[in-house]
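Open your viewer and switch to a cartoon view. Keep the selection tool at hand.

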Amino acid sequence: MIAVPIVIVILLVVVYLIGFRKKSIKTSIKTKTIKIFKSSDAVHLYIAEVEVFNGSGTNVALPEHGGSATQSSTAFGWGAERAIDGNTSGVAPWMSATGASDLEYLQLTITPQVIKSVTVHNTSGNEVQEGFLEGAKLVLYDENDVEYFAKVLTSDISQTILV
Ligand SMILES: [Ca+2]
């Protein structure tokens, strides 16, 4: 009679330990690079702003916190730095814009550290009709440039992805 509760307790402890172990592994990964790949449905990849938050709530994508940005190519002179300038406005021209090939991307490099979330600000208004991010792909890489997380973006004006 007493064996059943003991077995249940042991099972609960095992489930708890497995869950704890997985969580610990994931949260210990240090991110170095964040890329957003253009959807093939979009002409250009327009990004109003990308914010990358660590556990202290600091936006580490900002240049003053160690972030930098490049992109595969630049259209209209709207450089990658506009995606990390602290201005989340999605109204042209306050955004980055890549060229129009199928392989365009924006790349952020941060001081390698554990991050908690990424917020992507989309274009808005009528100036850039094809700028909505639906189908674009967010990919995170660790400090050895190994991909460890990916998520397809939506057309939302602002979307936060928990890592
Ligand atoms: Ca901006």
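This tour moves through a predicted model, one selection at a time.

**Stop 1: the core**

Which residues have the most contacts inside the largest nonpolar core? Select I36, I47, V50, V52 and L108 to see them. The core they belong to has 30 residues.

**Stop 2: L108**

Stay in the core and centre on L108. What does L108 touch, leaving out residues up to four places away in sequence? Show I34, V50, V52, A61, G67, A69 and I84. Two of these names, V50 and V52, were also in your selection of core residues with the most contacts.

**Stop 3: the partners of β6**

Next, select β6 with β1. These strands pair in the antiparallel sense over six bridges. Zoom in on T31: the bridge partner of T31 in β6 is Q113.

**Stop 4: an open sheet**

Hide the rest and select β3, β7 and β10. In what order do these three strands lie? The order is β3-β7-β10, in an open sheet with antiparallel pairing. β3 and β10 (158-162) are at the edges with a single partner strand each, so one side of each has no neighbour in the sheet. From one strand to the next, the twist averages 15°.

Find E51, which stands opposite T119 in β7.

**Stop 5: a loop residue**

Last, select T154. T154 sits in the loop between β9 (147-152) and β10. Is T154 buried or partly exposed? T154 has 14 other C-beta atoms within 10 Å, so T154 counts as partly exposed.

Now show E134 and Q159. T154 is in contact with both, leaving aside neighbours within four places in sequence. Finally, draw a distance from T154 to K137. The two are 17 residues apart in sequence, and 9.3 Å apart in space, C-alpha to C-alpha.

Conventions
Residues are numbered from 1 along each chain as its sequence is written. This is a predicted model: local features need pLDDT of at least 70, side-chain atom pairs count only at pLDDT 80 or more; totals for chains, interfaces and linings use all residues. A nonpolar core is a set of buried Ala, Val, Leu, Ile, Met, Phe, Trp, Tyr and Cys residues joined through C-beta atoms within 7 Å. A residue is buried if 20 or more other C-beta atoms lie within 10 Å of its own, exposed if 12 or fewer, and partly exposed in between; C-beta atoms are placed from the backbone. Two residues are in contact if their C-beta atoms, placed from the backbone, lie within 7 Å. Two strands pair if DSSP finds at least two bridges between them. Helices (H or I, at least four residues) and strands (E, at least two) are DSSP runs, numbered from the N terminus. Axes are lines fitted to C-alpha atoms, for helices over the stretch in contact, and angles run from 0 to 180 degrees between N-to-C directions.
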